[in-house]
Amino acid sequence: QNMVKNMERWIQSQQYRKWDLHCLKLQPLSPVPSDIEISRAQSPKAVDVLAKEIGLLTDEIEIYGQTKAKVRLSLLERLKDQPDGKYVLVAGITPTPLGEGKSTVTVGLVQALTAHLNINSFACLRQPSQGPTFGVKGGAAGGGYAQVIPMEEFNLHLTGDIHAITAANNLLAAAIDARILHENTQSDKSLYNRLVPVVNGVRGFSAIQLARLRRLGINKTDPETLTEEEISKFVRLDIDPSTITWQRVVDTNDRFLRKVTVGQANTEKGFVRQAQFDIAVASEIMAILALTTSLQDMKERLGKMVVANDKKGEPVTAEDLGVTGALAVLMKDAIKPTLMQTLEGTPVFVHAGPFANIAHGNSSVLADKIALKLVGEKGFVVTEAGFGADIGMEKFFNIKCRASGLVPSVVVLVATVRALKMHGGGPNVTAGAPLKKEYTEENLQLVADGCCNLQKQIQITQLFGVPVVVALNVFKTDSPAEVDLVCKIAKESGAFDAVPCNHWSAGGRGAVKLAQAVEKAANQKNSFKYLYSLELPIVEKIRIIAQKVYGAQDIELSPTAQSQVDRYTQQGFGNLPICMAKTHLSLSHQPERKGVPTGFILPISDVRASIGAGFIYPLVGTVS
């Protein structure tokens, strides 16, 4: 009987637990203090307390300090039969260089849902790079009374995921150059002796080496039986240095590393080449972290990363270099999402932060999947997509949703009067410069003219068959007439609802109307569909995005781009989704063209591939 009772108790402990969340009280001040003052004025709950409140077991969290914890993936197995909650994406209209507040809306919305409407909700955000944090943009924790706390923990280091990516990325870069050096300076025999050494009088292939032999068509397992020709094939990757696409990374805006020369020490035997550093979050490993669904899946994706071509033009992968296991072990903790909280004590996952141009600009699939189990069937998971809806949202649907198999319930489209005035023909908005009077005084004509961009972004959302709610992020310089005009035009243009939001100055209370609209919209019929079939040729997929999403007349590929498309198709990568690297400041490729540009030809200057992450990325125009 005791045995049975113990088992019953254990089974009970493994079941889904109802939340018992104690929200933190917020007393907004007017005028609104700086973000850091607001963050420091609130005392966050201990993270183990928060974890218990939302039904996490003690062995499912790994605590980092007082306010951050990693959540183990074992939770997905425990709650596999638990139905998912509703899935909400926050996207935006084409922004000004100042940003329009998608992160702030995301945080304001979950604070409203959970702290004010008593509905379980989770925000899933990207981890910011230290490049923008120390640059003009600043951090990405939200702002005002809608932010993730502690702000400095969120913006700096967090739990070291970006450092793990940097280590893995640079290990692979070092392996490439070392391999070329060794192949240039050693005979087949000495390379073989190093790769398959005699240990205690016995030679043996490792699992990764056996897999390489199979790929080469050599079906042998005894190292002593390889012919000289087979040994040569096995030990020589024959990397063509001019085709290396794998760069070193560092998570700082260090412009003097954009072009460097490596190999100048005497020990490198004159093997000198030009290389470059990228920012850490631009590494393909970051895109893989964001799209992966398990540790095994991540390992397979890391192995598939193409780093160069050999002298015959065939792709060379991380698996060929034999470093897949080392990369995976460096990433074993980074794969777990980090739990934090909002100013009102509601839960947040911070996980992954891939670029929104050369990658897909969305937080991780794993964080979304875990959150959807934790909120319960009636709960909401709110995540955001980088840049405007034409870029971040399109990639969320066509790349992220394909990888995760998840279907979004609602899109929240963030707009500001400021951005709409810019699209209506207002003067340039420049980061760091004071706004011109058109932006601080009422001007209904500019607003009305600029709503064309909002209408176009609503139409783009409708291409995917998901209901859209417009969230107008209100600034103190916006007049009531301007706010009413935007909401009226948005509803007339096909939005399910359009709601002014004051979460920046009032916290969750200022986004209650938005939360109610989102809850209603989530119950609408959903006819979600992808924009294109993966079976279509690469050029056709690019054309569909250019014409249907950006409004281009057609596309034009440079000779370089066309030859890359031909190469990827021939190498068997033609059925991957497309990830357009385009300016986010216009629907077109020209950042100065605001509103809804038409009649333009979209120039594709180059086409590259992230095979491990699983997408082809065309470079549009002069995007850097």
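1. Basis. Residues are numbered from 1 along each chain as its sequence is written, and side-chain values use heavy atoms, with hydrogens and water left out. Because the model is predicted, local features need pLDDT of at least 70 and side-chain atom pairs count only at pLDDT 80 or more, while totals for chains, interfaces and linings use all residues.

2. Domains. The protein is divided into domain 1 (1-156 + 334-523), domain 2 (162-331) and domain 3 (538-620), with bounds from an automatic or database domain assignment. The C-alpha centres of domains 1 and 3 lie 28 Å apart.

3. Interface of domains 1 and 3. Contact (heavy atoms within 4.5 Å) involves 24 residues of domain 1 and 22 residues of domain 3. The buried area (accessible area, 1.4 Å probe, lost by two parts on being put together, summed over both) is about 1,900 Å², and carbon and sulfur atoms give 70% of it. The count of salt bridges (side-chain nitrogen of Lys or Arg within 4 Å of a carboxyl oxygen of Asp or Glu) between these domains is 1.

4. Leu 216. This residue is in the loop between α10 (207-215) and α11 (228-235). Leu 216 is partly exposed at 23% relative accessibility, the class between buried (under 20%) and exposed (over 50%), with a 1.4 Å probe and protein chains only. Leu 216 touches Lys 233 and Phe 234, residues up to four places away in sequence not being counted.

5. Ile 11. With a relative accessible area of 42%, Ile 11 is likewise partly exposed.

Notes. Helix = DSSP H or I, 4+ residues; strand = E, 2+ residues; numbered from the N terminus.
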